[in-house]
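Visitor: Could you walk me through this model, one question at a time?
Guide: Gladly; here it is.

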Amino acid sequence: MNTNSKLMIIIRRILHAVPSVIGIIIVTFVLTRALPGDPAVYFAGPAATAESIQEIREALGLDKAWPEQFWIYVSDLVVGNLGVSISTGFPVAEELARRLPASLELTLIALIFSISIAIPLGIAAATRPNSWVDQVCRLVVTAGVSLPVFFTGIFMIYIFYYILGIAPSPLGRLGIYFMSPPHVTGFYTIDALLVGDLEVFWAAFVQMIMPAITLGIFTLAPLARMTRASMIQVLSGDFIRTARASGLSRGTVLYKYAFQNALLPILTTLGMVFSFMLGSNVLVEKVFAWPGIGSFAIEALIVSDYVAVQGFVLAMAILYVILNLTIDIIYTLIDPRVGLDG
Amino acid sequence: MDRRNFLKTAGVAAGASVLPFLKYLPAEAAGRNDTLVVVTGNGPNSMDIHRKGTNRPSYQIAVNLYDRLVGYSTKTLENGSLMYDYTKLEPEVAESWAIAEDGKSITFKIRKGATFWDGAPITAHDVKWSFDRAVSLGGFPTVQMKAGSLVNTDQFVAVDDETFVIKLLKPSKLTLPDLGVPVPIIINSKLAKKHATEKDPWGTEYLHRTPAGSGAFMLDRWDPGQQTVYKRFDKWTNGKLPGILRVIIREIPSASTRRALLERGDADVSLDLPPKDFAELQGSDKFTISGVPIENSMIAIGLNLDFEPYKNKLVRQAVAHAIPYDQIFKQAAFERGIPMWGGKSAKPETIKWPQPFPYDTDYDKSKALLKEAGYENGFEVPLAFNLGLAQWSEPLCLLLQESLGKVGIKVTIDKIPGANWRTAALVEKKLPMHVKAFGGWLNYPDYYSFWVYQKGRLFNSMNYHNPEIEELTEATLHLEVDHPDYEPKIKRMLEIFFDEVPLIPIYQPYLDVAMQKKVTGYKYYAHRQLDCRLFDKSGSA
């Protein structure tokens with residue numbers, strides 16, 4: 001197999017994503033228009049009259065027919081304009097750029113935490129099925145999945161902040177007296193390192209520990225289970241028996257042959273877990289005052305800010321598409337079989 | 001070097017003038033007496049109160065960062081809480097004012113030497129431009145100005161730099177108090193005009209992000225959705241210079257987290273806690289709880305007159321007798337309010353508003369009334385509440401459901417999401433029975449009637465209509481309180497409210513704020529926002 005055919009596969013995958021994106025645009029537009037609640041009434045404020053509601057409806061362009069609204073929406077999208085959020089008055093693109101890094105940074109840290117526990121645990125459980133390690137794995141996984149996120153969050157704040165006083169105050173991305181580092185990537189830890197400011201780096205990092213653990217605990221389950229299942233399957237394969245029979249060391253068999261082959265389903269799960277965490281950590285964001293993208297979407301939904309909801313859904317969908325694409329591409333790179341029959 | 005020491009050195013070395021370049025705010029430690037840390041559930045979404053879609057927390061920007069012509073003076077309540085006094089106005093940008101002898105205009109003298117943050121003097125032209133803007137932009141600011149009979153731009157005249165005249169369409173007791181609400185702010189018009197365009201003559205884009213005022217505090221930092229930081233405008237002359245140099249307002253969505261921050265001493269003031277938390281914190285000697293009854297406001301049950309059984313006054317009275325007032329007050333409101341039931345007489349003795357209605361929980365009376373009305377076997381009705389207020393509304397509705405069941409009224413509970421509430425309750429007015437929580441900014445019964453009891457008004461979600469109420473409201477709305485006609489007319493109005501009960505009040509809620517013991521100077525306003533100018537943390541004031 002040569003590089004060219006791999007390139008072709010990648011290009012084809014990218015092209016496959018285009019219809020999904022078009023579909024997403026149409027669906028988000030229709031869905032946000034179908035939301036209950038009249039934005040014009042909401043934004044007319046506490047002392048509205050019929051005239052002022054009508055004024056606002058016209059100002060928002062909501063008095064126009066759907067096809068005309070859709071046309072305006074799409075022609076704005078083409079030039080990268082996601083519209084202006086009605087509730088905040090800022091361009092939606094700007095809002096997303098401000099909030100997405102906060103969510104991404106937290107999610108990535110949570111994922112690293114989760115992976116560093118789940119994968120070794122899964123491997124250990126797979127190599128000794130039904131031993132005490134396996135039982136521990138099962139226990140951790142069940143506990144993680146059955147504790148609701150808001151409970152774990154509030155519980156951690158209660159123990160480590162309120163009672164023991166060792167955790168920093170749950171005030172969001174930085175403590176009260178810190179200022180955010182100059183904006184480059186929007187990841188406070190990275191931005192702080194870029195200007196060589198270790199103190200802000202540390203301040204931003206410690207703020208993330210509790211929310212990241214809260215978020216991570218919840219995602220231990222799918223990762224550990226998938227690692228375990230996938231490893232057990234691979235370990236029972238003929239080539240492992242052959243490798244063992246050939247006298248290869250236990251480590252080589254486990255990591256070089258078994259784990260690398262077990263990696264594919266783990267990678268798929270990882271992609272799903274990641275996008276799931278990104279969009280659904282609203283509760284963690286609420287409890288820890290994290291200014292992320294999930295709470296932005298919920299607030300927009302509550303005030304029937306359809307422009308923001310539209311922008312959020314679109315951004316998340318595109319992110320999801322990109323993520324799937326990336327994973328597909330990684331597949332083609334690490335697994336020769338994908339290339340042959342894809 | 002640890003962080004605290006580092007902060008001290010940095011703060012001392014750099015001084016206040018170069019703050020924005022520091023990576024820390026220069027409060028050396030959380031204990032500093034000149035920095036106030038506030039935690040709240042929601043923050044501002046705009047720096048411009050005149051913009052469409054500006055949320056309630058943004059009113060604090062108008063209060064702290066802008067000045068008005070006049071402010072309200074302060075009165076001290078029995079429990080020691082401070083409260084604004086809308087009957088006594090204080091000079092702010094206007095040094096003095098006088099109502100013309102013919103009663104057709106008010107002349108304001110602008111304070112000499114008062115400037116905006118950029119050093120430009122505040123002139124009558126700035127006032128005119130700002131008032132013109134408020135009545136021209138439409139939506140909320142225009143409606144609020146209208147409440148004070150301030151309707152068109154011709155009414156505002158800048159005679160010279162120091163003299164500003166408002167021409168009155170009609171004499172009204174509401175005009176002067178309406179100048180002290182958050183809306184009629186004075187904007188630096190020269191600065192704003194620089195950023196105005198042909199399409200946007202009122203500079204809404206610019207002022208949305210950048211305040212241009214003369215207030216006691218300036219904007220230091222605004223991270224929407226996270227925090228707002230004010231710093232003191234040291235050259236402020238429109239009132240007593242605040243003792244607090246910096247105010248940090250952090251948005252913490254979770255109420256339990258806000259409470260934890262207060263209890264750990266990381267926050268000085270905590271807003272928007274549920275009534276249960278306040279009831280619990282009240283017992284502690286570490287905190288001050290300021291509970292002030294929200295003026296001109298009550299938690300009530302609205303009965304929609306479009307719903308067949310509620311067309312009958314007797315049925316409405318029957319419902320008013322079947323409400324478990326005491327239980328709701330204790331279990332849903334945690335007694336954070338003033339009871340509005342159990343009034344002694346069917347005729348009001350005073351014109352105090354709100355005042356207890358002459359109803360009490362009495363199932364026998366309720367059944368008798370239903371029988372008389374021909375609803376002996378009861379009826380079914382949905383009871384709606386706003387999910388955004390579920391914390392106290394939901395238990396209230398459950399108690400009510402159980403209680404009405406005893407007189408044969410079968411209630412189903414209808415939870416309506418916040419986004420839908422306004423449309424369903426106020427615009428379409430289609431909810432047969434619902435929980436109401438309206439409050440008027442100007443504290444007069446006629447003003448309440450104007451918004452809630454008059455036909456077709458936005459907050460008349462009961463579809464109530466009574467020609468006599470229409471007439472009484474029109475007659476009293478602009479009348480001075482000491483006018484001989486005022487009291488008898490208002491008494492008659494309240495008597496009708498009592499008798500016809502389209503709206504059954506349960507209690508007048510408190511506005512609760514929890515503070516560290518050493519924090520003083522909290523003052524209650526009808527707009528329910530913090531006025532940071534009076535705060536003190538030294539523990540001595």
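Guide: Before we start, contact, or touching, means heavy atoms within 4.5 Å. This is a predicted model, in which local features need pLDDT of at least 70, side-chain atom pairs count only at pLDDT 80 or more, and totals for chains, interfaces and linings use all residues. Residues are numbered from 1 along each chain as its sequence is written, chains are lettered from A and ligands numbered from 1 in the order in which they are written, and side-chain values use heavy atoms, with hydrogens and water left out.

Visitor: Which residues touch the most other members of the largest nonpolar core?
Guide: A nonpolar core is a set of buried Ala, Val, Leu, Ile, Met, Phe, Trp, Tyr and Cys residues joined through side-chain atoms within 4.5 Å. Buried means under 20% relative accessible area, exposed over 50%, and partly exposed in between (1.4 Å probe, protein chains only). The largest such core has 160 residues, and those touching the most other members are B:L69 and B:Y453.

Visitor: What does B:L69 touch?
Guide: Residues up to four places away in sequence are not counted here. The partners include B:P91, B:E92, B:V93 and B:A94. Further along the chain, B:L69 also touches B:F108, B:I110, B:V127, B:F131, B:F164, B:L179 and B:I186.

Visitor: What percentage of chain A is buried?
Guide: For chain B, 60% of the 541 residues count as buried. Chain A, with 15 helices and zero strands, has 342 residues, and its buried percentage is 49%.

Visitor: What share of the accessible surface of chain A belongs to carbon and sulfur atoms?
Guide: Accessible areas come from the Shrake-Rupley method with a 1.4 Å probe; for residues, only the protein chains shown count as cover. Chain B exposes about 21,100 Å², with 51% supplied by carbon and sulfur. The surface of chain A comes to about 16,100 Å², and the carbon and sulfur share is 71%.

Visitor: How many Å apart are the mean positions of the positive and negative charges of chain A?
Guide: Lys and Arg count as positive and Asp and Glu as negative, while His and the chain ends are not counted. Each charge is placed at NZ of Lys, CZ of Arg, CG of Asp or CD of Glu. In chain B, 67 positive and 65 negative charges have mean positions 4 Å apart. For the 19 positive and 21 negative charges of chain A, the separation is 19 Å.

Visitor: Why is helix α8 of chain B described as largely enclosed?
Guide: The helix covers residues 255–263, and its buried members include B:R258, B:R259 and B:E263. Helix α8 is largely enclosed by the rest of the structure because the number of its nine residues that are buried is eight.

Visitor: Is B:V501 buried or exposed?
Guide: Most residues other than glycine have a negative phi. B:V501 is not a glycine, yet has a positive phi of about 25°. The loop between α17 (486–500) and β18 (503–516) of chain B holds B:V501, and at 0% relative accessibility B:V501 counts as buried.

Visitor: Where is B:D272?
Guide: B:D272 also has a positive phi, of about 55°, without being a glycine. Its relative accessible area of 44% makes B:D272 partly exposed. Its place is the loop between β11 (269–270) and α9 (275–282) of chain B.

Visitor: What is the omega of the cis peptide bond between B:W353 and B:P354?
Guide: Most peptide bonds are trans. B:P354 lies in the loop between β14 (337–339) and α12 (363–373) of chain B, and the omega of the cis bond joining B:W353 to B:P354 is about -10°.

Visitor: Which residues is B:G225 in contact with?
Guide: B:G225 sits in the loop between β8 (217–223) and β9 (227–232) of chain B. With a relative accessible area of 23%, B:G225 is partly exposed. Leaving aside neighbours within four places in sequence, its contacts are A:R99, A:P291 and B:E251.

Note on methods. Helix = DSSP H or I, 4+ residues; strand = E, 2+ residues; numbered from the N terminus.
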